[in-house]
Amino acid sequence: MSRKLPPLNALRAFEAAGRHESFTRAAEELGVSHSAISRHVRGLEHRLGAQLFRDLPRGLQLTPDGKAYLARIIPALDVISEATEELEEAPAGQITVSSETLFAQRFLIPRLPDFYRTYPEIEVRLDASQNLADIERYEADIAVRFLISGEVDAPSDLLSNAPLYPYAAPSLIPEGVVSPDDLLQFRLLKDRGRNVWQQWCEAAGLGADRIAEPRWRMRSTLAIEAVIHGHGVYLGSAECVEMECRLGRLVRCSDVSIRSGSYHLVYGSRGVRRKALRQFRRWLLEQTEPFREAGVLA
């Protein structure tokens, strides 16, 4: 049976332009020129006898026909990509991971060399940002996000619900674990915007009125560096200081903890179809397994 198929390059150009509603961003994604995207899309419109985009003063907008066509084209291209990857001997290609900044800097980056040793043909592009990437429009393939409470409103995996413990440099507390009351003599730092130190005091049986919550919060990555250099005691989640504890730069200085939020691996409605993404997901779930249990490493 003869199939009525437009050129694949035209479909790729339209699909990228449709997701972004931008010829410029489609060109950046596919590594071609703006004019090439425009030429492919206009040729496709001529072939179909239908207008797929409207030119607006502030950019492009899909027409109703364009939206309907895009909804059918995206899963079709996904199936072709998945079938092609299944025939490849090893996972390969580029994946874009959008991550909450602290998790990216303190958890992912130190461990990525291990991933590359196992999967040298996969290139991980890490975008550290607090902004939520639109996975449905391929702004990222997968995302790590921190959730204070409730449930993620997209398909996702729990990475970590590790509790918050106080940590300090060994030079500040050479004896290691000390009584909760002893910690209050030091400068108190944290990686949350809420009153977590007061919550921790309540959990330690000290009473929330023992301390005044700091009015100014140092950025998380700076707070960790400050504590490493002996500036005070840091109340933070175990997965983001585990490497520093292994290296002996930080020690956990109390067995009292509180729970405050969780990290999740978020992906779009199409799931994790590409082989490279499936391997990254499997690897990250293995790396974070200790932080989904009652006991934690750090």
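Accessible areas here come from the Shrake-Rupley method with a 1.4 Å probe, and for residues only the protein chains shown count as cover. By that method the chain exposes about 15,600 Å², and carbon and sulfur atoms supply 49% of that area.

Before going further, please keep in mind that this is a predicted model, in which local features need pLDDT of at least 70 and side-chain atom pairs count only at pLDDT 80 or more, while totals for chains, interfaces and linings use all residues. Residues are numbered from 1 along each chain as its sequence is written, and side-chain values use heavy atoms, with hydrogens and water left out.

The chain holds ten helices and eleven strands, taken as DSSP runs numbered from the N terminus, with at least four residues of H or I for a helix and at least two of E for a strand.

Strand 7, residues 164-168, runs antiparallel to strand 10 and is joined to it by two bridges, and Y167 has R252 as its bridge partner in strand 10.

Now, which residues of helix 7 are buried? They are V196, W197, Q198, W200 and C201, where buried means under 20% relative accessible area with a 1.4 Å probe, protein chains only. These buried residues pack against strand 7, helix 6 (180-183), strand 8 and strand 9, with contact meaning heavy atoms within 4.5 Å. Just after helix 7, G205 takes a positive phi of about 80°.

Key
Pairing = 2+ DSSP bridges. Buried < 20%, exposed > 50% of the residue type's maximum accessible area, 1.4 Å probe, protein only.
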